[in-house]
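Q: Please take a close look at a single strand and its surroundings in this structure. A connected account is requested.

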Amino acid sequence: MEEIVKRLTKWKNGETAPPYGIELAPTLRCNINCLFCWREESKKVDYQNEISFEDYKRVIDEASEIGVKEVKIIGGGDALCKEGIIDLMCMIKDKKMFGYLCTNGLLFKEEDLKRLAEKRWDHIKLSLHAPDEKTNDHITRSKGSFKKAIKNIEILNGYKKDKPKLEFGIVLINKNYNKVKEMIELAHSLNVRSVFIEPITVYSKLGESLRLNKKQTKGFQAIAKDAYRLSKDYRIETNLQHFFESKLVESTSKMDKVILANEKKGFVSAACFEPFYRMGVRVDGQVCPCGFFDEESPENVKHKSLKEIWLSPYFERLRAKMIGKDLPKQCKKCCTTLVINNQDLRKKLM
């Protein structure tokens, strides 16, 4: 975070700074079909219009040249469905950049895990949504997904010091909210060092039916406190402390109200800092500031370099909107993790 704050301070002082990180969303394809997924009511998804592996290689080269320090390979689909993704991850480490992968982890081959350990890949966030086979496999609608994920964690644990830092990413719904303490226990037993909760973002009627009701939300506050105390005992990093009150759980899909609660003006009080330190490359090559910004972008890595895009009128316009608190509609569905991260950055800048 210190390096991000340094770069943001340059923007605050009227200078420009290169992006600290880029996010890559290599594919919309996925090998499972989670209950809460955005594609539940997205019937017309183009699974073919993916930029090539050669395009991604060029992006990684350019990112290294302009001073990017972190590359996050994120969702949309599961990145392991993209051909050549392990080669790309190895290339990221060859360029001395921090590597982060979000995945359900089910498509890893043992040789993939060996290569990533040898390259000292930094961080793998595993989407695991319950501490038991029955509940997790129901949520993912994929029989055997729990056992496969646990097996791959155990393989990684065999590499000891060379293994990536492991994190459980849990989408909080009414099927698993009462199992969070058990997730901390499971993480401890598997040497998983982080457990992060993300209340469901509603994309469908099914998703709406999975939201916590008021009684469940209140119950989760007590569960979060117990699980947080346990995480402290086990020295497991978590964000559970942010859910001791119901605000963030209840604000899912209405996150703009949380973002705009800070009424102060100026750079330090900007609605979001993402356009000042991060770029997101979508599956078709379009570039935007983050993974939740789903409007059409005029910028594309097929036609322009990362540096050109970073300094483009498009990004300048987005930065001005964030300082002016003129939020695009997409910000309603921002994730709690990103909102909290912006709050932390604001405190650092102050």
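A: Strand S5 (residues 165–172) is mostly covered, with 7 of its 8 residues buried; buried means under 20% relative accessible area, computed with a 1.4 Å probe on protein chains only. Strands are DSSP runs of E with at least two residues and helices are runs of H or I with at least four, numbered from the N terminus. The model is predicted: local features need pLDDT of at least 70, side-chain atom pairs count only at pLDDT 80 or more, and totals for chains, interfaces and linings use all residues. Residues are numbered from 1 along each chain as its sequence is written, and side-chain values use heavy atoms, with hydrogens and water left out.

S5 is paired with two neighbours, where pairing requires that DSSP finds at least two bridges between the strands. Strand S4 (residues 123–127) runs parallel to S5 and is joined to it by 5 bridges. Within this pairing, Phe168 in S5 is the bridge partner of Leu126. Strand S6 (residues 194–199) also runs parallel to S5, and 6 bridges join the two. Here Gly169 stands opposite Phe196 in S6. From S5 the chain passes through helix H7 (residues 180–189) to reach S6, forming a right-handed β-α-β crossover. Right-handed means that, with the strands pointing away from the viewer, the path from the first strand over the helix to the second runs clockwise.

Elsewhere, helix H14 (residues 313–323) has buried residues Tyr314, Phe315, Leu318, Arg319 and Met322. These residues lie on the same side of H14 because they cover an arc of only 135 degrees around the axis, taken from the directions from the helix axis to the C-beta atoms.

Terms used. Buried means under 20% relative accessible area, exposed over 50%, partly exposed in between (1.4 Å probe, protein chains only).
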